[in-house]
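Hi,

Here is the structure I promised to pass on to you. Have a look at it first, and then read my notes below.

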Amino acid sequence: MRGGGTETLTGQQRQESLDILRASVQGGGDVGRTTFVIETIRSSVPAVLALVADMARQPRFDSAEFEQLKQQRIAELEQERSDPQALAFNAFERRTNPHLPNHPLYTPTIEESIKSTTGSTLADARNFHSRYYGASAADLVLIGDIDSSAVLVTAQKLFGDWTAPEKFARIPE
């Protein structure tokens with residue numbers, strides 16, 4: 001998950017490894033995509049890619065961290081209930097991107113988001129990861145002083161066999 005560890009490293013061990021490698025990794029995502037932004041020095045690229053592979057392929061799914069993230073998200077949503085800017089943005093998104101509730105691009109109301117977040121479970125997160133995460137539709141973008149051929153060999157070794165059981169398909173508008 002976000003700041004946690006993997007099946008092989010605690011969050012603290014992962015961060016210590018990144019510090020030693022003089023690297024930072026930021027993960028994020030949205031509907032239909034997950035991104036990792038890596039900043040590091042040339043000599044650390046292969047090792048940092050290995051850490052990212054571990055993070056992406058084997059997240060720890062810690063129950064305490066999951067509940068903490070869930071409660072943080074609910075608190076953020078509850079604040080949005082009375083935030084004019086958040087309410088306006090939600091109304092704008094719902095008006096300009098009208099999708100039915102069963103569509104992946106549907107913009108829920110704040111109340112619907114609270115209900116959905118409240119009902120989410122760690123088992124749901126594990127199941128989603130095991131069904132939809134993989135690298136078969138991944139893009140690797142590299143910028144800077146790197147040995148691109150060596151990085152591609154490393155990336156192929158780390159991610160080449162990782163496919164999701166559910167095949168990637170673009171989400172129709």
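**What I found**

Phe 66 is found in helix α3, which covers residues 63–80; helices (H or I, at least four residues) and strands (E, at least two) are DSSP runs, numbered from the N terminus. Phe 66 counts as buried because its relative accessibility is 10%, where buried means under 20% relative accessible area, exposed over 50% and partly exposed in between (1.4 Å probe, protein chains only). The C-alpha atom of Phe 66 is separated by 6.6 Å from that of Leu 122, although the two residues are 56 apart along the chain.

A word on where this comes from: this is a predicted model, in which local features need pLDDT of at least 70, side-chain atom pairs count only at pLDDT 80 or more, and totals for chains, interfaces and linings use all residues. Residues are numbered from 1 along each chain as its sequence is written, and side-chain values use heavy atoms, with hydrogens and water left out.

Now for the whole protein. There are 7 helices and 2 strands, and along the sequence they follow the pattern α-β-β-α-α-α-α-α-α. The C-alpha trace spans about 50 × 35 × 30 Å along its principal axes. Of the 173 residues, 27% count as buried. Among contacts (heavy atoms within 4.5 Å) with a separation of 6 or more, 66% come from residues 24 or more positions apart.

Enjoy exploring it!

Best wishes
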